[in-house]
Structures are given as C-alpha cells and as structure tokens.
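Here is a short report on one protein chain. It starts with the overall fold and then turns to one pair of helices.

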Amino acid sequence: MERFVQVLVDGIATGSIYAAVALALVLIFRSTGIVNFAQGEMAMFSTFVAWGLYEAGVPLGFAVLSTLVLSFLAGMAIERTLIRHFEGGEVLTLVIVTLGLFILLNGLAGWIWGFENRAFPSLFPDDAVDVVGVRLSVESLGIVAVLLGVVGLLFLLFQRTKIGLAMRAAALNPESSALVGVRVGTMLMLGWGLAAALGALAGVLVAPRLFLDVNLMGSVLIYAFAAAALGGFDSALGAVVGGWVIGVSENLAGTYVDFIGADLKILVPLGIIFVVLLVRPAGLFGTREVARA
Amino acid sequence: MTSPRVRISVICALAALAVAIPFLFGPYRVGQFTLVLVYAVAVLGLNLLVGYNGQISLGHGAFFALGAYSAALLIEKANVPHLLAVPAAGAVCFVAGYLFGIPALRLRGLYLALVTLGLAIAFPQLIKRFDGLTDGTQGLTVAQPVAPSWLGLADDQFLYLLVLAFAALMFLGAWNLVRGQLGRAITAVRDAEIPAATLGVDLGATKTRVFAVSAAYAGVGGALYVFAIGFVAPEAFTLTLSFAFLAAIVVGGLATISGAVFGALFIEFVPVYASDVNDALTGVIYGGVLIAFMWLLPEGAAGLLHRVRGLMARHRDRREWASEEKDLTPEGGAA
Amino acid sequence: MSLLEVEGLHAAYGPVRVLQGLDFSVEQGRKAAVLGPNGAGKTTILRALSGMVNARGRVEFDGQSLVGKPTAEIARRGVAHVPEGRGTFGSLTVEENLRLGAYVRSDGEEVRKDLHQVYGWFPRLGERQGQAAGSLSGGEQQMLAVARALMLRPRLLMLDEPSLGIAPIIGKELFRALGEICDEHGMTVLLVEQNAGLALDFADHAYVLESGRIALSGEADQIKGDDDVRRSYMGY
C-alpha cells in the first residue's frame with residue numbers, strides 16, 4: 001500500500017512537469033493558435049543556461065530565477081522577431097517554422113555546450129518525509145507544490161488582473177481587442193514570454209531526474225502533447241489534469257505492468273493521444289469546435 | 001504559360017541529364033543521387049497529401065520505414081525477387097495508409113499532425129519491439145540488385161538507373177493523378193471543403209484515398225531505399241526523417257511535382273554540406289535554412305521557378321503584342 | 001473647427017474601390033448620421049476611420065491625423081467604435097467586457113463609478129453581470145457593445161448599424177436611451193445606419209451615401225421633412 005502511494009505521488013510529480021510544459025503549449029495555442037513544436041527545445045536551452053550560471057558560481061536558486069527571467073525575455077523576442085512574421089498565415093508554414101526552430105535550438109545547444117550529458121542539481125534536498133505514515137520524497141512533494149503555486153499565480157494573473165484580461169481578450173478576438181485599445185501584438189509577446197518561462201521551469205525541475213543533455217526535453221514534449229491533447233488544447237485546467245493523469249498512468253504502468261519496458265514506455269502517451277483524438281478530440285475540458293475536421 | 005513544345009524539350013533535356021548522371025560521376029556521388037531519387041518518390045507522395053490535399057502529416061517517415069522493412073523482409077526472408085518487392089511494399093503501405101487514414105482524417109490540421117507525429121515516434125520503437133521478425137536494433141542486411149553482366153554497367157550505375165526507372169514511373173503516375181478526376185477532387189478538397197462537398201466530392205473517401213496513395217508512395221520510396229543502401233535499421237527511420245520529408249516539400253514547393261526533386265536534393269545535400277561547414281553547427285544551419293526558406297521563399301524552389309517563367313512569358317507576350325500592333329497600324333505606336 | 005474632419009477619403013478592398021473621395025465633418029457635441037443603402041460603403045467609412053482598412057485622404061481628429069495609425073492607437077485617442085456585429089467577447093462575462101472597454105483608462109475609481117452608471121442605464125446588463133456575453137440575446141449584446149464603448153469615456157462615439165439584427169422595439173428603446181445619454185454628456189457621435197427613421201430622429205445632421213460618395217448633406221430635421229428627398233434617397 002505504501003508503495004502504491006509513493007508511486008502515485010511520484011507520478012503526480014512527474015505529471016506536474018508534463019503539466020507545466022502542457023500549460024506552455026496551451027498558452028501559445030490560445031494566443032497564437034499554433035502548436036509550438038519548439039517548446040521543449042526552448043526549455044532545454046533555458047535549462048542549459050541555468051546550468052551555465054550555476055557552474056559559474058551563481059547560487060542555484062538565483063540561477064534558476066535569472067533563467068526564468070531570461071527565458072521570458074527570450075520568448076518575447078522569438079515571438080516579435082520570428083513568429084510575428086508568419087502569424088495569420090498558413091498553418092503548415094508555422095509548423096515548419098517551429099520545427100525549424102526545434103532543429104536550430106537543438107543544434108545550437110549542442111554547439112555551445114556539447115552533446116555529452118551532465119548532472120543537474122536539484123532545487124530540493126535529497127530527503128524524505130513521513131506523510132500520514134508514508135515516506136515521500138521531498139523532491140516529489142516540492143515539484144507538486146511548485147506547480148500548484150504556478151497555477152495559482154497564473155489564475156490570479158488571468159482572472160484578476162487587467163493585463164490578464166487583455167491577454168485573454170487578445171486571444172479570443174484580436175479585432176475587438178484592438179478596438180478597445182489593447183495592443184494585440186504586445187499581448188502575444190507576453191504569452192510567448194510566459195510560455196518560455198514555464199518551459200524553463202519544467203526543464204530545471206526535470207533535469208535532476210534525467211540527465212541534462214540536448215535530448216532532455218524530447219520525450220517530455222511528447223508527454224506534454226499527450227497531456228494537452230487529453231485535457232484539451234485550449235484549456236489550462238485540462239493541461240494540469242491531463243499532465244497528472246499521464247504522469248500517474250506512466251508511473252503505474254512502468255511499475256506494475258511488466259511488458260512495457262523502457263523503450264516502449266513512450267507508446268503510452270502516444271497511445272493516449274491516439275485514443276483521445278479519435279474518441280473525443282476536444283479532450284476532457286477543451287471546446288468542441290477546435291478539433292473537429 | 002510556356003508553350004508545350006518548350007515544355008517537352010525541357011523535360012527531355014532533364015531526362016537526358018538524369019540518365020547521364022551515372023556516367024558523369026564517381027560511385028559515391030552516384031549513390032547520393034540515387035538517394036535523391038529515392039527521397040523524391042517519398043516526397044512526391046507527401047506533396048500529394050499536404051500540398052494538393054491540404055492535410056498535414058508528420059508521420060511520412062513511418063510509412064517509408066514500413067515500405068523499407070516490408071521490402072527487406074520479402075527479399076531476405078521470403079525470397080521475393082527485387083522487382084516484385086517494390087510494388088508489394090507499395091501495396092502494403094497503401095493498405096496501412098488507408099486503415100490509418102479512416103479514423104485519423106476526421107481530425108483537423110494540428111490534431112492530425114499530432115497523431116501522425118505519434119506514429120512517426122512509435123514506429124521505430126515497434127520495430128525494435130518485434131525484433132524476432134525485424135532483428136531489432138541490429139538491423140537487417142538486404143541483398144542489393146546486381147547489374148546483369150550483359151549490360152556492362154557497374155553496380156552503382158545499374159542501381160541508379162533502376163531506381164530512376166521506378167521513380168520516373170511514380171512521377172508519371174502522380175502527374176496523371178493530379179490531372180485526372182481524383183486530382184481535381186483532391187485540390188477541391190484542399191481549397192474549400194464545403195463547396196467541394198456540395199459539388200458531390202465525397203470528402204471522407206477522397207481524403208482517405210489520398211492518404212493511402214501518399215503512404216504507398218512512401219512505401220515504394222522505402223523499398224527503393226533498401227535497394228540503394230542494402231541495410232535497414234530502426235535508427236534510419238526516426239522522427240528526423242519525417243521532419244526532413246516535410247521540410248523537403250516546403251522547400252521544394254507545395255503542390256508541385258517538380259518540387260519533389262528540389263526538396264529531395266535539399267534534404268540529401270544540405271546536411272552533408274552543413275556538416276562540411278561545421279559538424280556541430282549542422283542543426284543550426286539546417287534549421288536556419290528551413291526558416292529562411294519559409295521567410296524568403298514560401299512557395300519553395302519550384303514556386304520561384306514558376307514565377308520566373310511567368311515573368312519571362314509575360315515579357316515575351318508583351319513584345320509579341322507590341323510587334324503585332326506595329327504590323328497592323330503602319331502609323332506605329334505601341335500599346 | 002470640427003472634432004472630426006474628413007476630406008477626400010478613399011478606401012478599397014483590393015481592387016474594389018468602395019469609398020471614392022468622401023468629405024464630411026462632425027462638430028464637437030453634435031450627432032451625425034450617415035445613411036444609405038446596403039453596399040454603399042457605410043461600414044467601410046468607420047473601418048477606415050478605425051484603421052481597419054487601408055485608406056487615403058485627410059482624416060483629422062481634434063487636429064491630429066488618424067490615417068495610417070493602428071487601430072489600438074486610434075482607440076487610445078478616445079475614438080470608441082462599436083463595430084458591425086457588435087464584437088463582444090462571447091466567452092467573457094458581461095462585466096469583463098465592460099472592463100475591457102475601459103482598458104486604456106488609468107483612473108480606477110472613476111471606472112468603478114462608470115460601471116455603476118452603465119448598469120443604471122442598462123439594468124438588464126446589471127442583472128447579467130457575471131454571465132457569459134455570448135449567452136445574451138441580440139438586443140442585450142448590442143446594449144453591451146454600446147456600453148463597452150461608453151466605458152472608454154470616448155471623445156468620439158462611432159456606431160455601425162446598431163439596429164441590425166435586433167427586434168424593432170428593442171432598437172427603438174436602444175436609440176432612445178442612447179439619445180438621452182449622448183445629449184446629457186454632450187457626446188460627439190458618428191452613426192452609420194440603414195434604418196433612416198431611427199437615425200434621423202437621433203441625429204442632428206445627416207449625410208446620404210451613394211456608391212461611395214456623399215450625395216446629400218443637411219440637418220436631420222430638414223431631410224426628415226423633405227418628402228422628395230426621402231422618396232428618392234430613402235424610398236419612403
């Protein structure tokens with residue numbers, strides 16, 4: 001029983017990381033209407049930057065915070081300089097552009113930091129606590145707490161602030177937004193900035209568990225896609241729930257179902273994507289019009 | 001546009017050039033060009049789906065792999081003659097594409113992209129899983145077609161010409177398809193689904209058929225890949241390959257037949273040259289070139305050529321009109 | 001000098017020229033209406049003024065040129081445009097829609113007061129404060145669209161065919177309420193309307209648009225009273 005709870009909590013922790021990336025995807029999908037295939041590589045790049053700062057002697061917490069800020073700025077810059085040019089155009093063009101960005105960032109990270117893997121320190125102590133008689137790792141609990149905190153902040157931003165309202169409006173109806181004086185372009189930039197920061201956060205949370213190398217976020221991205229598909233690409237709540245469901249089922253399957261080995265594990269989220277999109281394309285919480293052919 | 005006579009002479013010239021290649025270059029180069037032909041066939045299939053029919057697939061590499069493995073297994077384990085393995089691989093992929101298409105094509109753009117992305121990632125894993133059949137990560141060595149002695153050609157030259165023959169057939173097929181009834185239905189679906197439906201085009205059936213045809217082309221390409229390389233392993237068919245095919249059609253030019261060749265040249269040679277320039281920067285150069293193409297040349301290389309031809313034709317027409325005018329009105333005066 | 005001065009306004013959608021050189025003006029505190037049949041280009045005028053359509057010519061608002069400025073900047077100058085089709089944010093609540101109307105304002109306390117005032121003018125919006133705007137009826141959505149524009153405390157209020165798609169009784173009531181509000185606050189209004197009767201009762205001055213040009217200009221009372229004009233230009 002204790003084992004089960006541990007696996008469950010661990011799954012929620014991993015799921016929280018997927019949820020963070022899924023939230024980033026949803027943010028961009030809602031504002032710019034595209035799926036950012038480069039989200040994972042952007043996060044990986046940010047994680048390397050954090051590592052670089054840490055190696056240079058900056059205390060970990062500060063390095064992570066600075067990375068979040070830098071990622072925010074970088075996300076804004078990418079929207080303004082690259083994506084802006086293609087907005088409103090063909091979907092396929094944007095797919096290629098984000099794929100191109102994927103390849104470019106992957107190569108750039110490899111060029112700057114090399115292709116070997118390295119260790120990344122955890123933000124949390126390597127410890128365990130007793131919760132209701134079950135020993136749970138501090139790291140897992142910490143990750144879940146961070147995600148909940150982030151979700152809370154995002155909620156406050158979008159539901160209780162003027163600028164959050166403007167961002168929602170710009171995503172819903174750019175023309176009407178302009179008519180009330182909202183600078184839609186700026187709102188899009190903010191959306192991309194936030195998404196980039198979210199991705200960076202996911203990166204620094206997941207890096208201690210896997211190795212930090214250029215392929216760090218490769219499979220995480222797939223899991224995040226599955227989470228977003230499950231939750232509904234235009235639903236933030238869906239991204240979180242989806243992430244947790246995927247994280248938990250991945251962990252449960254890995255622990256209790258024998259025939260799913262290490263390399264077949266990726267088939268779990270892929271299978272989920274396939275089934276969800278076939279049975280209920282809008283996902284659990286998404287709006288129906290978005291996905292129907 | 002350009003007159004049919006000019007068109008035909010250009011095509012003949014290009015065909016002659018294509019046939020001449022194995023005699024102009026050494027074996028390594030010829031091998032590269034053989035791969036270009038292989039990729040061109042696959043890219044052509046993807047272009048039918050994406051360019052002409054407006055659907056996004058990130059999973060083309062999976063069908064390519066399916067075709068390659070089908071051909072490999074048929075040749076190595078079932079002793080099927082090489083020439084038969086090609087259409088067989090195509091048929092297998094046609095069926096697979098059809099079956100996959102039926103449910104998948106109910107999805108809109110990005111969601112279809114996601115599902116096909118899943119397919120592209122899953123397939124190599126599946127290959128590894130069923131290693132009893134596929135020899136998993138080790139890979140499978142396949143006997144390549146050997147030049148019959150009476151032709152007096154080297155193996156690489158024969159291989160190139162054999163692949164060229166198949167490729168030419170596939171291109172002819174595509175050209176025919178696009179101009180025929182199915183072709184019109186395909187483009188009608190891309191341009192406007194609702195009007196197409198009211199005109200009697202069966203959307204679902206058309207889309208599924210195109211998906212199946214496009215998969216079949218990938219399958220044939222995969223089989224030809226086996227001819228060219230003589231070895232299959234899961235690592236050769238990763239997600240990168242699907243990306244490459246997609247890049248090829250946009251670089252080459254959507255909804256163009258000739259674009260497939262440009263695209264294939266791009267994906268075969270750019271990574272090689274990129275790694276010549278700087279090994280570590282390959283990704284940067286490849287990704288950068290992709291983005292640059294989208295920014296500067298969204299219609300692809302074929303589109304650019306099209307525009308240039310258009311400009312030249314208009315220029316020539318204008319001069320013709322002007323000279324006609326002069327004939328009719330002795331007082332002179334251009335338009 | 002007029003608050004809004006337009007001279008030689010040309011606008012086109014691609015090759016189709018819609019506005020072929022318009023001259024008109026609206027004086028501060030006055031209500032002007034532009035009438036005309038469908039397709040004459042009425043909506044295009046407002047879209048051109050809001051920077052939503054490419055236009056050339058001279059457009060001066062309070063002495064400053066609007067031509068070539070982006071829509072958001074024009075709104076920030078105090079031009080509130082209630083678009084054709086209302087442009088409400090369907091999945092946001094009524095109150096969120098109204099707050100967006102006041103987005104560019106920084107006087108939070110006054111915004112709160114204005115919100116209160118708006119609910120006073122349109123009690124039905126007050127009742128549906130927390131409801132999604134898309135769940136409102138057509139007439140209520142039009143009220144919401146107008147109220148949102150008023151939340152800007154605009155210097156110029158532009159309305160695009162407010163009577164379109166709502167029941168006649170509600171349309172009449174809307175115009176009555178709007179007339180009262182505008183008169184009370186000395187609002188400068190540019191109205192584009194197909195329903196000549198409603199428009200002429202509401203406005204001080206009227207222009208009649210025909211095929212992209214101003215065919216007639218005069219005081220609303222006079223045009224209303226002139227049977228010949230009414231018959232030839234408005235068909236009644």
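Chain A has 293 residues and a radius of gyration of 19 Å, which agrees with the value near 19 Å for a compact globule of that length. The radius is taken over C-alpha atoms, and the globule rule is 2.2 Å times the number of residues to the power 0.38. This is a predicted model: local features need pLDDT of at least 70, side-chain atom pairs count only at pLDDT 80 or more, and totals for chains, interfaces and linings use all residues. Residues are numbered from 1 along each chain as its sequence is written, while chains are lettered from A and ligands numbered from 1 in the order written.

The C-alpha atoms of chain A fill a box of roughly 60 × 50 × 35 Å along the principal axes. Buried residues (20 or more other C-beta atoms within 10 Å of their own, with C-beta atoms placed from the backbone) make up 55% of chain A.

Chain A has 11 helices and 2 strands. These are DSSP runs, numbered from the N terminus: H or I of at least four residues for helices, E of at least two for strands. The order is α-α-α-α-β-β-α-α-α-α-α-α-α.

Now to the helix pair. The axes, lines fitted to C-alpha atoms over the stretch in contact, come within 9 Å and cross at roughly 25°.

| Helix of chain A | Residues |
|---|---|
| Helix 9 | 218-231 |
| Helix 11 | 267-279 |

Helix 9 and helix 11 of chain A are therefore roughly parallel, a term for angles under 35 degrees.

How values were computed. Axes fitted to C-alpha atoms, helices over the stretch in contact; angles between N-to-C directions. Parallel < 35°, antiparallel > 145°, perpendicular 65-115°, else oblique. Buried ≥ 20, exposed ≤ 12 C-beta atoms within 10 Å, placed from the backbone.
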